[in-house]
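Me: I would like to go through this structure term by term, setting each value against the definition behind it. Could you take my questions in turn?

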Amino acid sequence: MTPDLISIRDLSNAAIENLFELAAEFAATPKRRLSLATDAVLTTLFYEPSTRTRMSFEAAMLRLGGQVISMADPGASSAAKGETLADTVRIVESYADIIALRHPREGAAKVAADFADVPVINGGDGAREHPTQTLLDLYTIFQEKGRLAGVTVALCGDLKHGRTVHSLAQGLARFGARVVCIAPPGLELPAGLQAMLATQHGLECIHADSLESLLLAECDVLYVTRIQKERFADPLEFDRVRSSYMVSRDTLTRAREDAIVLHPLPRVDELDFSLDGDPRAAYFRQAAYGVPVRMALIAALLGLKKVDDLHPAADTVTPAPDFHCDNPRCITNAERGIPAATASFSDGALRCAYCEAVQEEVVV
Amino acid sequence: MTPDLISIRDLSNAAIENLFELAAEFAATPKRRLSLATDAVLTTLFYEPSTRTRMSFEAAMLRLGGQVISMADPGASSAAKGETLADTVRIVESYADIIALRHPREGAAKVAADFADVPVINGGDGAREHPTQTLLDLYTIFQEKGRLAGVTVALCGDLKHGRTVHSLAQGLARFGARVVCIAPPGLELPAGLQAMLATQHGLECIHADSLESLLLAECDVLYVTRIQKERFADPLEFDRVRSSYMVSRDTLTRAREDAIVLHPLPRVDELDFSLDGDPRAAYFRQAAYGVPVRMALIAALLGLKKVDDLHPAADTVTPAPDFHCDNPRCITNAERGIPAATASFSDGALRCAYCEAVQEEVVV
Amino acid sequence: MTPDLISIRDLSNAAIENLFELAAEFAATPKRRLSLATDAVLTTLFYEPSTRTRMSFEAAMLRLGGQVISMADPGASSAAKGETLADTVRIVESYADIIALRHPREGAAKVAADFADVPVINGGDGAREHPTQTLLDLYTIFQEKGRLAGVTVALCGDLKHGRTVHSLAQGLARFGARVVCIAPPGLELPAGLQAMLATQHGLECIHADSLESLLLAECDVLYVTRIQKERFADPLEFDRVRSSYMVSRDTLTRAREDAIVLHPLPRVDELDFSLDGDPRAAYFRQAAYGVPVRMALIAALLGLKKVDDLHPAADTVTPAPDFHCDNPRCITNAERGIPAATASFSDGALRCAYCEAVQEEVVV
């Protein structure tokens, strides 16, 4: 059983801190090719286009001294011939020492990890998790601010739908950061997530209802996300909200000298181009941190560098032959041959072991 | 003139046995990167999507220590601009030391081999040949059963259309295996092929008309292939046939303890997922054998390892300026600039030198 | 500020000669992998399909000992999510030591060079420049004829539209070659370009109105380009012109023994296949020269080999906040966030700093 990274929850705080030390070590010699992974091949299996994430994984592996095989085009894949993901990974594992997977279905990464005999990294499974994005977000704050504990991070934009921002909020809470939430009505951080942050981490989110009213002077980090038109029934309302959530040079005049602006990218117009010249605009540095962070993760999962607390994907899963997940976006509702299973987390809810969706009607 | 692999017939039994020794040597140190092909570049030219075959070639080259350039997307190719395959390979040979080609047209691999000054490996040319699949099928049986001579192999499913199964039947016959054919009415092994196996190799195929009646206890290997819906006029008849040709855990209760089940993959539902846990289910091991087999082939064609009897594609070809192949799927009927030629094989029939189709009306 | 190659004009004659010496040095050990760029990664960012150019860059980098990350599929790119090229290159520069860019918009390569902190090579920006093609064309003539000064080169076909032929004409003029122009009525070399060649380089183009009347015996090089159907209102006229511009074995009977025929490829039917066996048919050798030429360029831009006079893309650019380029194919008319700027060249005309189109109505 090889270790995987399916969810940011798979990693203990100690493991994350270890990975950050390793990333900083790699970042100290940028644009070099190390001789660490000379025997290893990474296969990027991307069932959804995501050039940047794929390239970042490939750059990380090449910098470690390894090699890469790439499947970047969903149309050219065996999936088009009706092959299941489980079958594909059982074949691809013979071509690779480690797999980075992007897939449109929730829970896909766990299926791949369960069937593959090599480590699997979740490069995004539908709207669910994208743990390497969370790692690099946390690492960026850690590097730029020198710490995570006590840092005040404003999360800004659509806080309801984005997996990026949900995972980040949990990661920040785990490391003792303070979180300020600023979202348009209807796009607030989900109540369940807020309750969980409060119960498990003692984090009370501070709320602000607009960028204007936000006490920018108190924020160390402004993390901006896109607000999508599809979320609004009324296009005029969308235009009004969008413009009040745009961050510009003018916004920064009210921010601290040492604050930083982050964004998972790509941006559309929520970050004005006029910001780019300001040293506080850290979003391109943030993207660049993705390479050393992914180097650290690959090196750790391959056992080339020692990081404790890494483990296979499937810990707390209960086989449940008659269980059917009621989440229509779950991989188990798209592919045959996946053993039915449930899992139960600290919130006590019964969940699908793959997509982790809480089940409305449970038939076990 | 460099050696190529266009058809499994290009390889003598001695050459195949040599390749198998080499593959076993490479397989003994899996997941390593050798320093054998450090100066060499493989170009995978795939005019048809086939992620698995492409990745297997690329993994093989990387494991040998070489490098890879990939053309995986037919839409992005120069072919879309009207360039002939002959022109493309004459350019690509300056980027590569060896080419692996997949092309929808029969005879395409021979055209590439004729025009390229580097070795060409046929990774599938239309419905004709896919010799590295045949090699890895034979190698799988050799590794798993310890020998080919005297092994009893049941070929099961659509034996009429599959190039995989035709090449495998010939390969088995050449090495003295016994072949049991089990196919639905109308999808039997072609009579011409059976006659050839009998005449040239003394192989009398044994026939069984269903999986039920098959004496599984006598079979060392069950090689399953897909039955395609398109082959049946009546969908109900297809459903009936398909279900009687599905191999399940129950089928294996009647098989020998040391039998193995093979399949060229991808499977759809002809191999039940319940089989996967049985050690006799060898189809994923079969896919994995593709890497050392392709390593052996690449190393041999590049002259990095000595294998006798390798030679260029074009031995027994007669220039014939006025000849036109009457096979509409032949590459010569899609592209200009290919010298017309005929070839004659041991069966005495006149054939197109590229697609090797027997000509109905010969104009030479 | 890193050096770039956006236009062939960026390179002095001395720099070009240096690059040619370097290319010849690399060409002397073909099909080897050097240990020169072992720390470096090339990213090929291709927003337009161009398999051959992409593969040639990738082969060059692999031969230098470096590694490659490839974006070959425009549909899978972040551009499809609305990201600007400027944003993409600011991210990609953290994955690469050097970028080769192909983009459908004129001026795109300069935008990339301005925003990237690593060297950018223009692999074709719309109909504007493709400087590595020009370099390899000049290098081919230099290698095959031993010199450029005094060589007589016939440019043949559509001389009005092709960027290849415009850049080549300027390159030839700079090195003292003689140019013979042979084009159908309406597809002649633009008058402005002819005037520039005369004024700046003292080159008076010789004109011939058909291949028939061309004094082939006086030409050292026949450079053929395609005539496209779209350029003709009357299909019959196109057929007539095309057939009179086809170069065949018969054409060569009137050419010199030591003449060579070149073509940027892919050809359609302007070069008859019957030519291919003639040693004077140098177009496949020409394509092969692309690898050592691109090796030399990459090695020089990365500072691995010393070539003088390399410099960043943006020398003579004047910021002009209110300027809007009137060329609809210019990158500045497709993307936001690019600082408006003008440039002025030796012809005194005011031009867009990106696409370099002369402005009809200037608002500065």
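Reply: Gladly, beginning with a definition: the expected span of a helix is 1.5 Å times one less than its number of residues, and helices (H or I, at least four residues) and strands (E, at least two) are DSSP runs, numbered from the N terminus. This is a predicted model, in which local features need pLDDT of at least 70, side-chain atom pairs count only at pLDDT 80 or more, and totals for chains, interfaces and linings use all residues. Residues are numbered from 1 along each chain as its sequence is written, while chains are lettered from A and ligands numbered from 1 in the order in which they are written.

Me: How do you know that the span of helix 2 of chain C agrees with its 13 residues?

Reply: Helix 2 (residues 51-63) of chain C should span 18 Å, and its end C-alpha atoms are 18 Å apart, so the two values agree.

Me: What makes helix 2 of chain C largely enclosed?

Reply: A residue is buried if 20 or more other C-beta atoms lie within 10 Å of its own, exposed if 12 or fewer, and partly exposed in between, with C-beta atoms placed from the backbone. Because 13 of the 13 residues of helix 2 of chain C are buried, the helix is largely enclosed by the rest of the structure.

Me: Why is C:Leu262 called buried?

Reply: C:Leu262, which is found in strand 9 (residues 260-262) of chain C, has 26 other C-beta atoms within 10 Å, and is therefore buried. The C-alpha atoms of C:Leu262 and C:Ile141, 121 residues apart along the chain, are separated by 8.9 Å.
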